[in-house]
Amino acid sequence: MFIDRARVFVKAGDGGDGMSSFRREKYVPNGGPSGGDGGKGADVIFKADKNINTLVDFRYKRQFKAPAGGNGESSNKHGRGSEPLIIPVPLGTVIKEEETGKIFCDLVNDGDTFVIAKGGRGGRGNARFQTSANRAPTFAEKGEPGEEFWLQLELKVLADVGLLGYPSVGKSSILRKVSKAQPEVAAYHFTTLTPVLGVVTISGDRSFVLADIPGLIEGASEGVGLGHNFLRHVERTNILIHVLDVSGMEGRDPKIDFDAINEELRKYSEKLANKKQIVALNKIDMVFDDTTIPDTKKYFEDKGYEVFLINALSGEGLPELMERAYYYVENFEPEPEATDDTVVYEAKPDVEFVITRGDDAAFYITGKRIERLVAMTNLSDDQSLRRFQRIWRFMELDAKLKEKGCKDGDEVVIGDQRFTFQE
C-alpha cells in the first residue's frame with residue numbers, strides 16, 4: 001500500500017532526576033552531599049532510508065516516545081544518558097510542524113538525518129547546590145521534559161523522469177514496456193491511483209528511474225481529481241515526458257489536453273511549468289488518416305518541443321524515446337536556487353515570560369525559562385520550594401501578576417502546575 005502522507009506525534013525523552021543523598025562512610029566525618037546528576041533524555045531523529053518507499057508504517061504507529069535518561073545515584077554517580085530514537089523514513093520525505101506549517105527538514109539522500117526533538121537535560125543532584133552558605137542542601141532537580149511535536153510527513157517520490165498526462169493516455173503501458181514495474185492497466189480512467197517507479201535500463205550501467213504519475217485533469221491545481229496529492233510528486237522529477245493520445249478515440253484533442261495540463265502545472269508552481277518536457281504521441285496505430293499525425297507533430301515542433309511517435313502496446317518508438325530521456329537526465333543541470341545574501345536576525349522577546357488571562361479566569365504564565373523551572377522543581381521538598389520562591393521573587397512575578405489584576409485566591413497556571421495566589 002502506497003501512503004504518501006502521515007500525521008505523527010514525537011516526544012523526546014525526559015532528563016533523569018537528580019539524586020539527593022549524603023556520604024555515610026566510616027571514618028569520613030561530615031561527608032557532605034553526594035547526589036549525582038540525572039542522565040540526558042533521548043533525542044528523536046528521523047533518518048532517510050533507501051530501503052523504504054512508503055509511509056505506510058506510520059499508518060499503524062503514530063506515536064513515538066524516546067526513553068528518559070537514568071536517574072542520578074548516591075556517591076556522585078550520574079544517571080545513564082539514553083540512546084537516541086531513530087525513525088527511518090523514505091527518501092524524499094518532507095517533515096513539517098503541524099501547528100505552524102514550518103518545514104523542519106527535507107530528507108533526500110540515503111543516510112540523511114535530522115534531530116526533530118531534543119531530549120531534556122538531566123536534573124542536578126544535591127551535590128551541585130553545595131555552597132559556603134548552604135553546606136548540606138537536601139534538594140535536587142527533576143529532569144527537564146523532552147521536546148514534543150505533532151508533525152506532518154509528506155513523501156515526494158524521487159525519480160529522474162516523470163510520465164505526465166491525462167488518464168488513460170498510456171502512461172502505465174509505457175512503464176510496463178520499458179521496465180520491470182507492473183502498474184495496473186485497464187480500460188477505465190484513474191487506473192493508477194499512486195505513483196509507480198520503474199528502472200529503465202538503456203544498456204550496461206546506463207539507466208534512470210521513471211515514474212508513472214497518476215493522471216492529471218483540468219482543475220488539478222485546485223484539487224480536482226487527484227489534484228495536489230500527485231502534482232506534489234511531479235516536483236521531484238528532472239525531466240517530464242508528456243504523453244498524449246493522438247488517436248482521439250475518446251473525443252479528446254491532444255493540443256487542448258497539452259495546454260490544459262501545462263496550465264495546471266503553472267498554477268501549482270512556476271518552477272514546475274518550466275521543467276524540460278518531451279512530447280510523446282501515443283496510440284499511433286489507432287490513427288487511420290494521413291494528416292492527423294503529421295499536423296499534430298508539426299504543431300508541437302513549432303512550439304519548440306521534441307516529438308516522438310510511439311505505440312505503447314507494441315513498443316514502437318519507445319527505445320528512441322528512452323534514449324533521448326536518458327540523454328537529458330545525464331546532461332541535466334539543476335536551476336540555481338534563488339538566494340538572498342541578506343542576513344535576517346530574529347529578535348529575542350523583550351520579556352522572559354508572558355501573562356495572559358484564560359477563559360477559566362486563571363492567569364497563565366508562559367515562557368521557556370519559567371516553565372522549565374517549574375517542571376524541574378520538586379515542589380514537595382521544603383528546600384527546593386524555598387529556592388523556587390526566591391527565583392519567583394527575583395523575577396518579580398508577584399508584581400507582574402498584580403499589574404494584570406491578579407488578587408488573593410486567584411489561580412495561576414505554569415505548565416502543568418496550578419498555584420493559588422496569595423499576597
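Strand 2 (residues 44-48) and strand 7 pair in the antiparallel sense over four bridges; pairing requires at least two DSSP bridges between two strands. The model is predicted: local features need pLDDT of at least 70, side-chain atom pairs count only at pLDDT 80 or more, and totals for chains, interfaces and linings use all residues. Residues are numbered from 1 along each chain as its sequence is written, and side-chain values use heavy atoms, with hydrogens and water left out.

**Sheet**
- Strands are DSSP runs of E with at least two residues, and helices are runs of H or I with at least four, numbered from the N terminus.
- Strands in the order 4-2-7 form an open sheet of three strands with mixed pairing.
- Strand 4 (85-89) and strand 7 (113-117) are the edge strands, each pairing on one side only.
- From one strand to the next, the twist averages 30°, as an angle (0 to 180 degrees) between N-to-C directions of axes fitted to C-alpha atoms.
- Phe46 has Phe114 in strand 7 as its bridge partner.

**Surface patch**
- A nonpolar patch on the surface consists of Met249, Met286 and Phe288, with about 370 Å² of accessible area together.
- Patch members have over 30% relative accessible area and no salt bridge, and nonpolar side chains are joined within 5 Å, like charges within 9 Å.
- A salt bridge puts a Lys or Arg side-chain nitrogen within 4 Å of an Asp or Glu carboxyl oxygen.
- Areas come from the Shrake-Rupley method with a 1.4 Å probe; for residues, only the protein chains shown count as cover.
- Met286 lies in the loop between strand 13 (276-282) and helix 6 (292-302).

**Cysteines**
- The disulfide count is zero, where a disulfide is a pair of cysteine sulfur atoms within 2.5 Å.
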